[in-house]
Amino acid sequence: MIINKHYKNLQSISKNTKLVHTYFPSKYGFSPYQACQHGCKYCDGRAEKYYVEGDFERDIVIRENIPKLLQDQLPKLRERGTISISSGVSDPYQPVEAQERIMPQVAEILTTYSHSVSIMTKSSLILRDIDLWEKVHQKSGVILMISLTFLDDKLRQIFEPQASSVKKRLETIKAFKERGIYVGVLAMPFIPYISDSREGLLALVDKLAELEVDFVLPGGLTLRPGRQKDIFMSIIKDKFPQYLNAFKNLYRENRQSGLAISSYRDRLNREFNQIFSKLPMAVPHYLYQNQFPIYDELYILLEHMKELYSKKGVNTTNLEGALQRYTRWLLAEKKNFNRRRNLRDFDLEQKLLFLIHGGEFVNIIKNDKLINFIKGVILERRTFDYLKLKLD
């Protein structure tokens with residue numbers, strides 16, 4: 001496929017100065033490209049809200065200054081935290097990377113710093129750089145998040161025409177796991193009526209369990225009104241006309257979020273909670289423990305616990321109240337931290353430790369059982385098991 005290359009400099013890597021991202025735990029982020037040659041027909045990045053100009057599959061923005069940007073900005077970062085290499089409107093290992101070779105430069109630079117890294121891709125091209133990512137992992141930690149929902153490559157060819165085959169992605173997972181690198185699977189989106197059957201979900205989770213992936217993040221299809229929905233529906237009309245009216249009904253509300261009607265979402269989430277229960281359905285604590293300042297680690301953990309217990313049908317009212325109070329405290333402290341450029345993450349960590357040791361943290365959490373749990377995590381550095389729902 002012939003593409004048009006547009007070289008543009010990125011001004012700064014993304015820095016989250018307030019609350020850390022919890023779904024994909026990260027504090028910093030960048031993507032070497034914008035738009036994507038993979039041409040996935042369901043891609044949310046096609047939506048107008050992302051302001052991607054030109055042909056989404058052919059007009060590829062290349063940010064060739066990223067290696068220099070990292071060398072300039074990484075030494076100036078005041079807080080530890082995972083760097084996410086990804087984009088909702090791109091893939092760092094899409095085909096153009098084979099020629100541009102931005103990612104090996106990035107990996108080389110990251111071997112000299114202590115920031116952990118997460119990489120999202122659906123391309124086996126990342127295998128080219130596996131030796132470099134192993135070095136980064138040994139120094140600071142790497143999580144490969146690889147997209148995979150189809151085990152049938154014929155479906156992959158229809159919906160993800162230029163992405164790596166199912167076979168190559170499975171080989172990539174296996175290769176990274178053999179190197180001791182963490183691997184999670186972004187099992188999204190499942191296509192209604194086509195790839196969301198119970199049998200298909202069971203086959204996928206069995207394969208992922210066999211490969212010993214560290215976690216799975218399943219998700220349904222969103223169709224935002226406009227370009228994204230129009231392109232996807234044209235594929236359904238052409239390849240699966242028997243489902244066209246059913247799709248129109250599922251997405252009849254035309255929500256800006258792209259969500260299907262609630263009855264379908266609820267049914268799919270119930271299936272996820274049952275079928276994927278043998279694997280963590282969140283980035284596990286052991287993957288991000290010690291990768292963030294303890295105040296961010298605790299925030300991520302409490303957010304995850306709220307979701308994990310909710311999926312088990314446990315009443316989380318007290319936990320949610322404690323989380324809200326902790327969030328207010330943390331936002332206030334972050335505001336002060338961001339104003340005072342002489343502070344480092346160590347200073348805010350020490351303040352949290354002082355409150356815990358001195359017993360004043362109970363005034364924020366207001367739950368003795370949770371306070372003891374937090375002491376186990378923060379003071380004893382114990383790990384919370386996302387499957388057993390208990391401290392190891």
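Predicted model: local features only at pLDDT ≥ 70, side-chain atom pairs only at ≥ 80, totals over all residues.
**Group meeting talk: salt bridges, cores and cysteines**

How many salt bridges does the structure hold? The count is 32. I'll pick out a few others.

Take Asp206 and Lys278. Their side chains form a salt bridge at 3.2 Å, N to O. Again the pair links distant parts of the chain, here 72 residues apart. Asp206 belongs to helix H7 (residues 198-210). Lys278 lies in the loop between helix H10 (262-275) and helix H11 (285-288). Asp206, at 40% relative accessibility, is partly exposed. Lys278, at 45%, is also partly exposed.

Next, a pair within one helix. Lys306 and Glu303 meet in a salt bridge, 3.5 Å from N to O. Why can these two face each other? Both are in helix H12 (residues 294-311), 3 residues apart, which puts about one helical turn between them. An α-helix has 3.6 residues a turn, so residues three or four places apart point the same way. Lys306 is buried at 19% relative accessibility. Glu303 is buried at 16%. Elsewhere, salt bridges with shared partners connect Lys27, Glu79, Asp296 and Lys334 into one network.

Now the nonpolar side. In soluble globular proteins, nonpolar side chains tend to be buried together. The largest nonpolar core here has 84 residues. Which members touch the most others? They are Ile85, Trp133, Phe159, Phe232 and Phe276. Helix H3 (residues 102-110) gives this core its largest share, 6 residues.

Look at Phe232 up close. Leaving out residues up to four places away in sequence, Phe232 touches Lys41, Tyr42, Phe159, Ile191, Leu221, Leu223 and Phe247.

On to helix H16, residues 368-378. Buried residues here are Leu370, Ile371, Phe373, Ile374, Gly376, Val377 and Ile378. What caps the N-terminal end of H16? Asn367 does, with a side-chain oxygen 3.1 Å from the backbone nitrogen of Lys369.

A quick stop at Ser147. This residue is in strand E8 (residues 142-147). Ser147 is buried, with a relative accessible area of 12%. Beyond four places in sequence, Ser147 touches Thr121, Lys122, Arg169 and Leu186.

Last, the cysteines. How many disulfides does the structure hold? The answer is 0. For Cys36, the nearest cysteine sulfur belongs to Cys40, 6.3 Å away. A disulfide needs the two sulfurs within 2.5 Å, so Cys36 is in no disulfide. For Cys40, the nearest cysteine sulfur is that of Cys43, also 6.3 Å away, and Cys40 is in no disulfide either. Cys36 is buried at 7% relative accessibility, and Cys40 is buried at 6%.

Terms used: Residues numbered from 1 in each chain as written. Heavy atoms only, no water. Salt bridge = Lys/Arg side-chain N within 4 Å of Asp/Glu carboxyl O. Helix = DSSP H or I, 4+ residues; strand = E, 2+ residues; numbered from the N terminus. Buried < 20%, exposed > 50% of the residue type's maximum accessible area, 1.4 Å probe, protein only. Core = buried A, V, L, I, M, F, W, Y, C linked by side-chain atoms within 4.5 Å. Contact = heavy atoms within 4.5 Å. Polar contact = N/O pair within 3.5 Å; in protein donor to acceptor, adjacent residues only side chain to side chain.
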